[in-house]
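Visitor: I would like to learn how to read a model like this one. Please take me through it.

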Amino acid sequence: MSTLVHMGYGLLAGAIAAEILATTSMKYSEGFSKLWPSIVTGAGYVIAFALLAQALKTLQVGTAYAIWSGIGTAAVAAIGILFLGETLSLAKVAGIVLIVAGVAVLNLGGAH
């Protein structure tokens, strides 16, 4: 795998981390009524999309977006369960497993 593709995945990882931070902060912003969580939300999404745009220079959009949305969704669901008091159900676990499996299949299928 080329250095540019590795860099693309690094940028994608940063984009995912920024998106997870932004989404979690949005919960704490209470409908954008609290200043600092609202600022973190906005900045996080700007950073996330800027990094994703850079990652797309070397990664295929379908693969990158599947990884972005899959990991982001699974991580935010886990944060909700572990730190925000959301309930854990068999349906949530099954959904997360299916998302992760879908991302894995896309990557194993040579989508990069």
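**Reading the model**

Guide: Start with Lys34: it counts as partly exposed because its relative accessibility is 38%. The classes are buried under 20% relative accessible area, exposed over 50%, and partly exposed in between (1.4 Å probe, protein chains only). This is a predicted model, where local features need pLDDT of at least 70, side-chain atom pairs count only at pLDDT 80 or more, and totals for chains, interfaces and linings use all residues. Residues are numbered from 1 along each chain as its sequence is written, and side-chain values use heavy atoms, without hydrogens and water.

Visitor: Which residue forms a salt bridge with Lys34?

Guide: Side chains of opposite charge can pair when their charged atoms come close. The cut-off is a side-chain nitrogen of Lys or Arg within 4 Å of a carboxyl oxygen of Asp or Glu. Here Glu30 is the partner, with the closest N and O atoms 3.3 Å apart. The structure holds one salt bridge.

Visitor: How many helices and strands does the protein have?

Guide: Helices (H or I, at least four residues) and strands (E, at least two) are DSSP runs, numbered from the N terminus. This protein has four helices and zero strands.

Visitor: At what angle do the axes of helix α1 and helix α3 cross?

Guide: Axes are lines fitted to C-alpha atoms, for helices over the stretch in contact (heavy atoms within 4.5 Å). Angles run from 0 to 180 degrees between N-to-C directions. For α1 (residues 3-28) and α3 (residues 61-83), the angle is roughly 35°, and the axes come within 9 Å. Contact residues include Tyr9 and Leu12 of α1, and Ile67 and Trp68 of α3.
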